[in-house]
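New notebook page. I want to look up a few places in this structure and jot down what turns up.

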Amino acid sequence: MEIFSEYIRKDHLLSQVDARIKLIVAFSVLMMVLSYKGLAFPIMVTLFCLLLCAKMKVPLRLFILRFSEPMFIAGVVLLLKVFFSGEEVLFSLDISGFRLSAHRDGLADGLLIAGRIIGSVSIMAVLGFSTHFTEFIAGLSWFRCPKGFIEIMMFAYRYIFVLLEDAMVIYGAQKNRLGYSNIKRGLNSFGTLAGSLTLKAFEHSQNTATAMVQRGYDGSMPMLKHKAFETAEIIGSVLLIAAMGFIWKI
């Protein structure tokens, strides 16, 4: 259960802040990033979040891994907007008789969307690096999130690692038998791996459901008991949201 939080410094200031406070601040700033009609505020939030991650001493490899997928999505959206959206031509390319034009207004729209994506992911990255999963789930429960949603999140988080371990065992066996020696064999091995994991997922779900029913599970899960809000954390969160809101309005 510590695989995503094992790199968190336990003595860092953010790791000691109440998860509910962090959820409120993260949601408020996230709404500002998504509603801002420009690129300056998302960039500022991204840089601020990167500074916080550096202060928490997040390993570079883990940081790059966390941002690789959203950066790829942002890049794809930017390319689609540049070449397939807009009217003001910026430049043109001739590729095998096909004329591909880039548009200035499409570039502006693509940068805006990409900035929002990166800014939003940066906020969630700081929240994830500074908050343990159990505290995060307990905070969502305190905000009266649907029980079904919380239950699915907890089981998914639990069995991600079980399936990951199964996948590593199967992959190791396939690799030892030269299952990935060429592209064709690699695709076949990957298909077998995916099918095996799907069957194991169904098996684990049935076993878990049976075990919980036998133990009298009635749909309610015990959560962490929250301590009372601290005045300093409330004041700090209000000041931070107010400062972000002031910058957002400029």
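Predicted model: local features only at pLDDT ≥ 70, side-chain atom pairs only at ≥ 80, totals over all residues.

Entry 1, the nonpolar patch. Which element gives the largest share of the patch? That is β1, with four residues. The patch covers about 770 Å² of surface. I wrote down its members: Leu 39, Ile 43, Leu 47 and Leu 50, then Leu 90, Phe 91, Leu 93 and Ile 95, and also Leu 107 and Leu 111.

I picked Ile 95, which sits in strand β1 and is one of the residues making the patch. Is Ile 95 buried or partly exposed? Its relative accessibility is 45%, so Ile 95 counts as partly exposed. For that label the value has to fall between the 20% and 50% cut-offs.

How many residues line the largest pocket? I have 25 down, and those nearest the centre are Leu 14, Lys 22, Val 25, Leu 52 and Leu 240. The largest share of the lining comes from α8, which brings six residues. Sorted by class, I get 17 nonpolar lining residues, five polar ones and three charged ones.

I looked at Val 29 and found it in helix α1. Met 31 has its place in helix α1 too. Why does Val 29 count as buried? Its relative accessibility is 7%, and buried means under 20%. Met 31 comes out at 35%, so that residue counts as partly exposed.

How far apart in space are Val 29 and Met 244? I read 7.1 Å from C-alpha to C-alpha, although 215 residues separate the two in sequence. For Met 31 I checked Ser 120, which is 89 residues away along the chain. The C-alpha atoms of Met 31 and Ser 120 are 8.9 Å apart.

Conventions
Residues numbered from 1 in each chain as written. Heavy atoms only, no water. 1 Å grid on protein atoms, 1.4 Å probe; cavity = no way out; pocket = protein on both sides within 12 Å on 5 of 7 lines; lining within 4 Å. Helix = DSSP H or I, 4+ residues; strand = E, 2+ residues; numbered from the N terminus. Nonpolar A, V, L, I, M, F, W, Y, C, P; charged D, E, K, R; others polar. Patch = residues over 30% accessible without salt bridge, like charges linked within 9 Å, V, L, I, M, F, W, Y side chains within 5 Å. Areas by Shrake-Rupley, 256 points an atom, 1.4 Å probe, with all protein chains shown as cover. Salt bridge = Lys/Arg side-chain N within 4 Å of Asp/Glu carboxyl O. Buried < 20%, exposed > 50% of the residue type's maximum accessible area, 1.4 Å probe, protein only.
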